[in-house]
Amino acid sequence: MKAIQLYYPPEWAHCYGCGYLNAHGLHIQTYWDPEKGESETRFTPRPYHTAIPGFVYGGLLASLVDCHSTATAAAAKAQAEGLSLEATPLRFVTASLKVDFLKPTPLGPDLRLVGRPKEVKGKKVVVETELYAAGTLTVRGEAVLVQIAEGFGGGAG
């Protein structure tokens with residue numbers, strides 16, 4: 001299985017959170033399960049992602065939710081339209097992001113993000129993402145994503 005972000009053409013692969021061409025980025029990778037209709041990302045925060053000793057910085061958590069949601073939108077849109085991400089790369093940008101920090105997220109365990117599309121309509125996809133640390137739900141986000149128009153940033157699609 002190939003990560004959704006690896007389908008992005010080079011023109012769209014510079015994002016700090018998920019761009020494979022950003023040498024200093026997080027390089028998150030999101031995987032789509034077409035049978036469940038949901039996505040998953042795993043990420044291990046580093047010690048420099050600290051907010052206060054023992055806990056992950058909230059800005060990182062919001063970034064993870066953001067990038068995970070854009071990839072989820074691409075996969076959900078492709079599935080809804082019967083498209084192949086390889087043949088027709090789709091890229092989304094965030095129009096709105098709401099993040100609820102439910103509990104402090106401990107630094108140490110791998111983080112697991114699960115995304116589910118709530119709405120796929122035209123060029124807009126709404127995604128709900130849950131972030132878990134050691135099996136405990138610590139963050140919930142909702143993002144409104146908009147498909148990038150052809151020619152935006154030099155990319156195709």
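In the hairpin of S5 and S6, which residue takes a positive phi? The residue is Ala 134, with a phi near 50°, and the hairpin has two residues between the strands. The points below concern a predicted model.

1. The pairing of S5 with S6. Strand S6 covers residues 136–147, and it pairs with S5 in the antiparallel sense over 10 bridges. Within this pairing, Val 125 stands opposite Leu 145 in S6.

2. The pairing of S5 with S4. Strand S4, residues 111–121, is antiparallel to S5, and the two pair over 10 bridges. Two of the contacts may be located by residue: Arg 112 has Tyr 132 in S5 as its bridge partner, and Val 114 has Glu 130 in S5. These strands also form a hairpin, with two residues between them. In that turn, Gly 122 has a positive phi of about 60°.

3. Is strand S5 largely enclosed or open? Strand S5 spans residues 124–133, and eight of its 10 residues are buried, so the strand is largely enclosed by the rest of the structure. Buried here means under 20% relative accessible area. The pairings already described place S5 in antiparallel contact with S4 and with S6.

4. The pairing of S2 with S4. Strand S2, residues 38–43, runs antiparallel to S4, and five bridges join them. One point of reference is Thr 41, whose bridge partner in S4 is Leu 113.

5. The segment before S1. His 27 lies in the segment before strand S1 (30–33). This residue has a positive phi of about 55° although it is not a glycine. The relative accessible area of His 27 is 35%, so the residue is partly exposed. Ala 23 also lies in the segment before S1. Ala 23 is exposed, with a relative accessible area of 69%. From C-alpha to C-alpha, Ala 23 and Tyr 7 are 18 Å apart in space, and they are 16 residues apart in sequence.

6. The ring of Tyr 7. What sits over this ring? The charged end of Lys 2 does, at 4.5 Å from the centre of the ring. For pairs of aromatic rings, the count comes to zero, where the rule asks for centres within 6.5 Å.

7. The largest pocket. The volume of the largest pocket is about 160 Å³. Its lining consists of Tyr 16, His 24, Gly 25, Leu 26, Arg 42, Phe 43, Thr 44, Arg 46, Tyr 48 and His 49. How do these residues divide by class? Four are nonpolar, four are polar and two are charged.

Key:
Residues numbered from 1 in each chain as written. Predicted model: local features only at pLDDT ≥ 70, side-chain atom pairs only at ≥ 80, totals over all residues. Heavy atoms only, no water. 1 Å grid on protein atoms, 1.4 Å probe; cavity = no way out; pocket = protein on both sides within 12 Å on 5 of 7 lines; lining within 4 Å. Points joined across faces, edges and corners; volume = space filled by probe spheres on them. Nonpolar A, V, L, I, M, F, W, Y, C, P; charged D, E, K, R; others polar. Phe/Tyr/Trp six-rings, centres within 6.5 Å; stacked < 30°, edge-to-face > 60°. Lys NZ or Arg CZ within 6 Å of the ring centre and 35° of its normal. Buried < 20%, exposed > 50% of the residue type's maximum accessible area, 1.4 Å probe, protein only. Helix = DSSP H or I, 4+ residues; strand = E, 2+ residues; numbered from the N terminus. Pairing = 2+ DSSP bridges.
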